[in-house]
Amino acid sequence: MFQLTATPARALADEPVHIRVTGLPPLQIVTLTASLKDEKGYVYQSKAFYKANEVGELDLMEAASIGGDYVGVHPMGLFWSLKPEKVFRRLTKQDVMNSPFYVTLNLYDSVYVQVSTTDQPRASQTVERWFSGPGVQRVQIREGRVRGALFLPPGEGPFPGIVDLFGGRGGLVEFRASLLATHGFAVLALAYFLYEDLPKELEEIDLEYFEEAANWLLAHPKIQKPGIGVISVSKGVEIALAMACFLKQVVATICINGSNAIYELPLRYKDLVITPIPSFMERMQIDVLGAVRLRHYKGDARDELNQKSVLPIEKAQGAILFIVGDGDECLNSREYAEQALDQLRSHGRNNGRMLVYPGAGHLIEPPYTPLCYASPHRLSSRILLWGGDPVAHAAAQEHSWGEIQKFFREHLTQTRSKL
Amino acid sequence: MKRGTCFILKPTIRPVKDVMTSPFLVQIKLCDSNLPLAQIAATDPKVSVTLERWYRAPGVTWIQVQEGHLRGALFLPPGEGRFPGVIDLFADIGGLIEYRASLLASHGFAALALAYCDYEDLPLHPEKIELEYFEEAVNFLLRHPKVLGPGIGIVSISKGAEIGLSMAIHLKQVIATVLINGPNFVFSTPQVYRGQIVTRSKASETFFLPIEKAQGHFLFIVGEDDKSINSKAYAEQATEQLRRNGKDNWTLLSYPGAGHMLEPPYSPLCCASKLSKLHLFMQWGGEVTRHAAAQEHSWKEIQKFLRKHLIPQFSGGRKLPK
């Protein structure tokens, strides 16, 4: 009798699952599939073909997939290779507190290139993937101008505080903040446009809004003093770096695939206005699938004429970690990180560090998030290309997630306090 | 219909043309580059021009073919003469694909676009490919008063090339065969000729078709980035087999960066499309710029090859071997 086990059946979305099958005919080639339905009803699926060993067992920690959505030994391959039935959709958990993603794992006893609705799996198990752990609290924030959600770990605290910034998609993206809170950080997922009464379009970066958020967080009784961290991706990186440069309370900043200079919109902080470096629409490229590659269209941040738009990173007092996907098709992330580090070095500073992941794309997210290679963007009728090779991107997500938490623990945790 | 836009918006649809009655209309617009990307499509251009892209030259005639078992369409160049005859075979997606045959006719060939499955009364999914059907097509073409003999050519792609290769081996009237991204063995559907299954070569123990038995010439066209079959390996194996048998009746054109769907020039790259039979998207491969260059180059080479071997004065007289 075929038996499929996946443990733990109920886990955080960033935890691995150990999948095993027993009771197969020896050396039988089987199909394993995974599927989930997101909160809007879109279905994501993946499959892999494996060969059972001589005693009819299969352990995904050791066995290599022969074909399907991935090949080779990838214990979590079924999760990170999930693909939407409706192309170019990006999988994002909206409700991070009250429900998990349910991932159904099915075993078929031979090679099923296509699984039809009438095919019955020989074994099946559903696992729960949660974006917050027991005891994590979510607090809706509407303080002054600040809009977002604060995630607090269980317990009295105080906890190291982090502001979590996403990019040009706008709205409030919570899943990374809730996961970090489960790992012991107090995280403010901060919206800055296209959310509640915030502007619908981003016309400038008003750094005083982010200063207000940082100050509010630091003043919270459950947040450790004297400094907070910022984690950011894509457009959020410009904001995070500006916070690091101008706000002393920011002592640890993580920048994932963003630029070290201001683009498209001006940044304003009190009397200071940083004008953006122009972009050149004529340099945009359309790839073979019709998706837009924007990697080459931004003006050169190393050009002498653009230096007034480059953030004065040498003013940042805290530690900065750049996380770069070398296969980023949206931004030349590596170039920006290298320029920032050069700038630090030329001022005798050594508080910057870079992790470059070959083959990883723009959207580096917590582990096991399926690669979103391209997706629609609100500013364009076209699909935007993010890039990334699936295997390399999955490995980058696993590795960087550990590094992110290590970095914040190192630079935010007071040595005398216990978490 | 804007073919380029159609391809970009719906990469899963391969545009197939009604060749006789209407061209593709390609509109080229000059727009102000200051416009945001999202607005360009909806805004009036400063100036625009519409190009007509025809798949047949003026005077090309189309004749429906429903003789005996044959189903297809014969395209004849304008004028009185006799024209070198070519049979045009596509892959087994079914239907009748005419645009390459009509283009060949526009360049002076009498081209028979031949259907072999899922068209009119032909079987939807043939259980076997009977070479007698294709032999009938060869004889039909050679009998036609406007077709120059004594031999004919074949242009074939993918599964069509599997058939084209068998035809070249078994039918001595086939004297010039273009094989685009095809296997050199019988893949999936068995082939039968005169009651015998076409597979093993008697001379060797392999499954490869006995290409050394063919008397005509071969032009292998390979897209090295073909993601659906290992075209390069198969063509190299086939030419190696010819070499081992002392034959030099072949040319191999191998294009780095070109994919499976090598078509006439300026056809947009179809790097993946849906095969309704399999309910799957199939990847064909190909890198845009290099695939385009390969299509341009190979199309000229195909015509040169066919003229050289089918028109006597080009090769100093070619006699059909007895």
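By contact I mean heavy atoms within 4.5 Å. I started with A:His362. Leaving aside neighbours within four places in sequence, A:His362 is in contact with A:Val233, A:Ser234, A:Asn257, A:Asp328, A:Cys330, A:Leu331, A:Trp386 and A:Gly387.

Before going further, I noted the ground rules. This is a predicted model, in which local features need pLDDT of at least 70 and side-chain atom pairs count only at pLDDT 80 or more, while totals for chains, interfaces and linings use all residues. Residues are numbered from 1 along each chain as its sequence is written, chains are lettered from A and ligands numbered from 1 in the order in which they are written, and side-chain values use heavy atoms, with hydrogens and water left out.

**Where A:His362 sits**

I placed A:His362 in the loop between strand E23 (352-357) and strand E24 (374-376) of chain A. My helices (H or I, at least four residues) and strands (E, at least two) are DSSP runs, numbered from the N terminus. Is A:His362 buried or exposed? A:His362 is buried, with a relative accessible area of 0%. For this I use under 20% relative accessible area as buried, over 50% as exposed and in between as partly exposed (1.4 Å probe, protein chains only).

**Helix H2 of chain A**

I then looked up helix H2 (residues 175-182) of chain A, where 7 of the 8 residues are buried, so the helix is largely enclosed by the rest of the structure. Among the buried residues of H2(A) are A:Phe175, A:Arg176 and A:Leu179. After H2(A) comes A:Gly184, with a positive phi near 105°.

**The two domains of chain A**

The domain assignment, whose bounds come from an automatic or database source, gives chain A domain 1 (3-130) and domain 2 (137-412). I find the C-alpha centres of domain 1 and domain 2 of chain A 32 Å apart.

How many residues of domain 1 of chain A are in contact with domain 2 of chain A? There are 20, and they are in contact with 28 residues of domain 2 of chain A. Between them, domain 1 and domain 2 of chain A bury about 2000 Å², 69% of it on carbon and sulfur atoms. Buried area here is the accessible area (1.4 Å probe) that two parts lose on being put together, summed over both. A:Trp80, A:Phe88 and A:Arg90 supply 40% of the area that domain 1 of chain A buries against domain 2 of chain A, more than any other three residues.

I counted 1 salt bridge between domain 1 and domain 2 of chain A. A salt bridge is a side-chain nitrogen of Lys or Arg within 4 Å of a carboxyl oxygen of Asp or Glu. A:Arg90 turns up again in a salt bridge with A:Glu365, with the closest N and O atoms 3.2 Å apart. On the side of domain 1 of chain A that touches domain 2 of chain A, the elements giving two or more residues are helix H1 (77-80) and strand E10 (123-130) of chain A.

**Salt bridges elsewhere**

Over all chains, I get 37 salt bridges. In one of them, A:Arg302 pairs with A:Asp342, the closest N and O atoms being 3.1 Å apart. This pair links distant parts of the chain, 40 residues apart, with A:Arg302 in the loop between strand E21 (292-293) and strand E22 (319-325) and A:Asp342 in helix H5 (residues 333-346) of chain A. A:Arg302 is partly exposed at 37%, and A:Asp342 is partly exposed at 32%. I also noted a network of salt bridges that links A:Lys235, A:Glu238, A:Glu264 and A:Lys298.

**Over to chain B**

Chain B has 8 helices and 15 strands, and 48% of its 322 residues count as buried.

B:Arg71 forms a salt bridge with B:Asp121, the closest N and O atoms being 2.7 Å apart. B:Arg71 lies in the loop between strands E3 (61-65) and E4 (72-76) of chain B and B:Asp121 in the loop between strands E6 (110-114) and E7 (129-130) of chain B, so the pair ties together parts 50 residues apart in sequence. B:Arg71 is buried at 11%, whereas B:Asp121 is exposed at 54%.

My last entry is the salt bridge of B:Lys232 with B:Glu236, where the closest N and O atoms are 3.9 Å apart. B:Lys232 and B:Glu236 are separated by about one helical turn, because they are 4 residues apart in helix H6 (residues 231-244) of chain B.
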